[in-house]
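Dear colleague,

Please find the structure below, followed by a short account of what was found in it.

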Amino acid sequence: MLCFSESEPAVYRYTRTASAVLTHLVCIVFTVCIALLSRPGSSLFSWHPVFMTLAPYSSSPPTAPSSKDFHTRLKGRAHWILQCLCVSCLVLGLAAISYNKHLNGKPHFTSWHGLLGLLTVCVVGLQSMGAVPLIYHSLAKGWSLAKLKRYHATSGLVTYLLCSVSLLLGLCSAWFTASVGEYTWYLSALCPALSALVIMNQVTSAYMAKKRLQY
């Protein structure tokens with residue numbers, strides 16, 4: 001296969017980088033607002049929204065691919081660290097809400113938010129384990145590294161969308177709707193929706209661009 005040496009137009013790179021930076025800033029503000037609203041430490045439940053909000057944004061993929069092997073390895077290691085942080089936050093958030101319901105004698109996983117949240121935690125765990133063949137390629141005999149990366153990116157995107165939908169359902173909970181006003185709720189819902197769209201665009205654009213350059 002032939003690869004062209006034509007680089008991506010600078011305006012596309014700058015636009016994508018600017019949108020990624022803006023999205024990260026919005027997510028940081030959103031996470032801080034959730035933390036202030038839930039007041040972590042005030043109750044056992046208060047840790048649940050903090051950890052669950054922090055989890056999906058701690059594992060966001062890099063904003064742009066790098067052509068240098070050193071930068072690629074560095075991004076890979078950083079992504080692994082962030083992914084471990086994401087899994088830890090999800091487990092702690094799930095443990096907090098589960099134990100809180102147990103103490104209060106309430107049933108578990110009776111809402112769409114609870115069911116999808118549990119599914120999301122399981123999927124994130126599987127997604128993390130599925131990345132092992134990328135590090136130890138010898139474990140995936142008969143599979144090319146490029147194909148493994150493509151499948152990992154696709155499954156990662158699906159996992160991130162699950163996190164975003166679960167977070168949106170959490171914003172519909174009685175606790176959050178009673179704590180904020182109508183306009184604040186819409187602004188809050190915009191954060192996971194915006195971040196999901198940006199991440200989706202980045203992943204699809206990156207792999208579509210690679211596929212076009214292979215001809």
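The lining of the second largest pocket divides into 21 nonpolar, 15 polar and two charged residues; here Ala, Val, Leu, Ile, Met, Phe, Trp, Tyr, Cys and Pro count as nonpolar, Asp, Glu, Lys and Arg as charged, and the others, Gly among them, as polar. This is a predicted model, in which local features need pLDDT of at least 70 and side-chain atom pairs count only at pLDDT 80 or more, while totals for chains, interfaces and linings use all residues. Residues are numbered from 1 along each chain as its sequence is written, and side-chain values use heavy atoms, with hydrogens and water left out.

H3 (69-104) gives the largest share of that lining, seven residues. Helices are DSSP runs (H or I, at least four residues), numbered from the N terminus.

Helix H2 (residues 47-58) packs with two other helices. With H1 (residues 10-38), the angle is about 170 degrees and the axes are 9 Å apart; axes are lines fitted to C-alpha atoms over the stretch in contact, and angles run from 0 to 180 degrees between N-to-C directions. H1 is therefore roughly antiparallel to H2 (angles over 145 degrees). The residues of this contact (heavy atoms within 4.5 Å) are eight nonpolar, three polar and no charged.

H2 and H6 (residues 145-171) pack at about 155 degrees, with axes 10 Å apart, so H2 is roughly antiparallel to H6 as well. Thr53, Pro56 and Tyr57 of H2 meet Tyr160, Cys163 and Leu167 of H6.

Yours sincerely

Notes: Angles under 35 degrees count as roughly parallel, over 145 as roughly antiparallel, 65 to 115 as roughly perpendicular and the rest as oblique.
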